[in-house]
Amino acid sequence: MKTPAPRGRGTRGLTRDEVLDATLELAEERGLHAVSMRAVADRLGVTPMALYRYVGDKQGLLDGLVERLLREMPDDDPALPWQDRLRAFGVGVRQVARRHPELFLLLFTRPTVTPEARRPRHAVQAMLRDAGVPEEIVRPLQRLLDTVGMGLAASEAGGRFTAAPQEIDHLYALAEDLFITAIERYAARG
């Protein structure tokens, strides 16, 4: 466990990123149930009240964990074809799930309320728009892509899939093909 530098009782030098990183470390070491304002504050060497400025309350800590996980998603590159961008996003989801298999499930139970947490959602919506998907289909299709993609990634990271790695890769390739075909179909309607 990392020993925090003494900071006294103030917040001098403390940042939101430090709070979120400490929360992530705590959750990965001791489980999500161990996350509390007091435990994170102890890790940072400050009083629990010092955290309120950065996260508000325990719910803010959990929202911050969602933000922290989603921040690991790759940046979108609008210069690439939308199909390549979507594939890169899928790879990113899978990598985040593998790095944080237990915490990844938090993405199914918490809303994305911070601007940084919404970045991946907006990126997928931009990909769909660039593909020519009609606006009224963009959000529902993005939600479907997120749910299926995250579900596959969570299943793999959690050990639910018992197939050989190449068979799991084939499953992901099948999902990509199905979604790209569906996106192209909706784009053709628009």
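Modeller: In this predicted model, a network of salt bridges links Arg16, Asp17, Glu67 and Arg71.

Colleague: What makes the contact of Arg71 and Glu67 a salt bridge?

Modeller: The N to O distance between the side chains of Arg71 and Glu67 is 2.6 Å. The cut-off is within 4 Å, from a side-chain nitrogen of Lys or Arg to a carboxyl oxygen of Asp or Glu. The pair therefore meets the definition.

Colleague: Why is Glu67 called buried?

Modeller: The relative accessibility of Glu67 is 4%, and buried means under 20%; therefore Glu67 counts as buried.

Colleague: How do you know whether Arg85 and Asp76 are buried or partly exposed?

Modeller: Arg85 has a relative accessible area of 3%, so it is buried. Asp76, at 24%, counts as partly exposed. The side chains of Arg85 and Asp76 meet in a salt bridge of 2.8 Å, N to O.

Colleague: Why is Leu178 called exposed?

Modeller: Exposed means over 50%, and Leu178 has 56% relative accessibility, so the label applies. Leu178 is placed in helix α9, residues 165-189.

Colleague: Which residues form a nonpolar patch on the surface with Leu178?

Modeller: Leu171 and Leu174 form the patch with Leu178, and together the three have about 260 Å² of accessible area.

Notes: Residues are numbered from 1 along each chain as its sequence is written. This is a predicted model: local features need pLDDT of at least 70, side-chain atom pairs count only at pLDDT 80 or more; totals for chains, interfaces and linings use all residues. Side-chain values use heavy atoms; hydrogens and water are left out. Patches are made of residues with over 30% relative accessible area and no salt bridge: like charges are joined within 9 Å, nonpolar side chains (Val, Leu, Ile, Met, Phe, Trp, Tyr) within 5 Å. Accessible areas come from the Shrake-Rupley method with a 1.4 Å probe; for residues, only the protein chains shown count as cover. Helices (H or I, at least four residues) and strands (E, at least two) are DSSP runs, numbered from the N terminus. Buried means under 20% relative accessible area, exposed over 50%, partly exposed in between (1.4 Å probe, protein chains only).
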